[in-house]
Every structure is written in structure tokens, then in C-alpha cells.
Amino acid sequence: MSSESQDKKSRHKSRMQNRKKIVDEAVSKALEERGIVILYTGDGKGKTTAAMGTVTRALGFGYSTVVTQFIKGTWECGEKNLLMGAAHPLQWHQMGTDFTWETQDFEADKAAAMALWEKAREALRDERVYLVVLDELTYALNYRWLDKEEVVQAIQQRPREQTVVITGRGAKQYLKDVADTVSEMCAEKHAFNTGIAARRGIEW
Ligand code: ATP
Ligand code: MG
């Protein structure tokens, strides 16, 4: 081996040793064991798919999971087709209405959102439920279909071992405050904006 590549190898080794020290130190400090609140927000693609990825993870270990989807009324989605088609400990609840810009009926949408929220609240009280997904919850809050204090309180008072994943654009500061992990999806580019239609199995 040339002295140049030996040099490169030893520089890499020392960088990795430093990295390991930092990671080990951080891991040794993360001692608290509890469920968390994850918030996926922002205008970029990937919020609901990230939530569904987490559902797959939890189900992969046999953990009981409840998915609630605000907004997407009777819409089909690939993850639901797959996961509900097998014997998983999974419940899936949707709003019994169409997209809100299709129904254009505030009272009907509000009633549907409130009925769905009751399902979510039940899950948020249930110690057997390991993971609760509140998909597109931000819209139900921003449209004032739901009472934000009630939602925040239900999330804060959930069982200690339970994790909640919230998705939706335009999350307000009070939701960010309630979350332990916040990821903002940034829309650097989206195919739809160049005239490409949403594809089944990719966009839903
Ligand atoms: P996905 O379900 O693909 O993870 P998302 O949950 O991040 O997307 P939403 O804001 O819920 O995105 O939007 C729902 C639909 O709109 C999805 O089909 C998604 O691909 C699409 N979409 C997401 N971001 C954009 C964007 N910036 N411009 C246009 N369409 C978008
Ligand atoms: Mg979404």
C-alpha cells in the first residue's frame, strides 16, 4: 500500500474513532424509556408515507396500532390495502366524507372530523395501543373542526409507552411544542407542479 493510501486509511480510522466517541456518549445519555410524539409537517412530499413507514415498523414487532386519517374521506390508499389485508393488530379509521374541497360543507366535515376524533381519543386512552397515527390532523385543527386544547391534552395525557405520529401541512407552534420529534418536509421540487399526474401506488 502506498504511503498516501495508508495515510488516508489512518485519517479515516481516527475520524471514525472520534465519531464513535460522540455517538456512544449521546447514546449513554439517552436513558429515558417512553413513547414519543412525532410531527411530520411542511409542504414537501413524504409526511404520510413516513407515518405509514412507522406503522409498518411497529406492526413488524407485533405492536398494536391505530391509524386515523382526517381529510382523506373514503379515499383508497395502498398501505391500507396491504396492511388491513393481513392479520395485523391494526385498526384503520377514516373520515366518512370526501375531500373537504369536494364536499364544500363545513358542518358535515366538522361532524365527520369530530366522529373520527372520538376514535382517536379512544386510542389515546388505551394502554394496549403502542402507536397512534393522526394523519392530516393539522387540517382538522386549522379548519377549527376540533378543539385544539382538547387535542393537545389528549396527546399529553396518553399512556407513557404510547407513540403518536401527527402529519399535515402548516402545523402551528402549539403542535410543535407538544412533539418530541419534528421533521419539516421541504418541497424543493414536486412532479405534480410540472404537470405529471399523481400515480396510484406512489402518491396514495
Ligand atoms: P405522501 O402521502 O406522498 O407522503 P404528504 O403526506 O407529504 O405526501 P400531503 O400534503 O398529505 O403530502 O399531500 C397529499 C398528496 O399531495 C400526495 O399525493 C402527495 O404526493 C401530494 N403532494 C405532496 N406534496 C406536494 C407538493 N408540494 N405539490 C403537489 N403535490 C404534493
Ligand atoms: Mg399526507
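How many disulfides does the count come to in this structure? Taking a disulfide as a pair of cysteine sulfur atoms within 2.5 Å, the count comes to zero. A disulfide is, in general terms, a covalent bond between the sulfur atoms of two cysteines.

Colleagues, a word on the basis of these values. This is a predicted model, in which local features need pLDDT of at least 70 and side-chain atom pairs count only at pLDDT 80 or more, while totals for chains, interfaces and linings use all residues. Residues are numbered from 1 along each chain as its sequence is written, chains are lettered from A and ligands numbered from 1 in the order in which they are written, and side-chain values use heavy atoms, with hydrogens and water left out.

Let me remain with the cysteines for a moment. Cys77 has a relative accessible area of 9% and is therefore buried, the term for values under 20%, whereas exposed means over 50% and partly exposed lies in between, with a 1.4 Å probe and protein chains only. Cys186, at 61% relative accessibility, counts as exposed. Across the 204 residues of the protein chain, 37% count as buried.

I turn to the overall architecture. The protein chain comprises eight helices and six strands, these being DSSP runs numbered from the N terminus, with helices (H or I) of at least four residues and strands (E) of at least two. Along the sequence, their pattern reads α-β-α-β-α-β-α-α-β-α-α-β-α-β. Along the principal axes, the C-alpha atoms fill a box of roughly 75 × 45 × 40 Å. The domain assignment, which is automatic or from a database, gives domain 1 (1-31) and domain 2 (35-194). Their C-alpha centres lie 40 Å apart.

Finally, the ligand. Around ligand 1 there are 15 residues, of which Lys45, Gly46, Lys47, Thr49 and Arg169 come nearest; a residue is near if one of its heavy atoms lies within 4 Å. Helix H2 (residues 47-60) gives the most to this shell, with three residues.

Which polar contacts, meaning pairs of N or O atoms within 3.5 Å, does ligand 1 make? Among them, an oxygen atom of ligand 1 lies 2.8 Å from a polar backbone atom of Lys47, and an oxygen atom is 3.3 Å from a polar backbone atom of Gly44. Taken alone, ligand 1 exposes 570 Å², and the protein buries 86% of that, with accessible areas from the Shrake-Rupley method and a 1.4 Å probe.

Technical notes
Polar contact = N/O pair within 3.5 Å; in protein donor to acceptor, adjacent residues only side chain to side chain.
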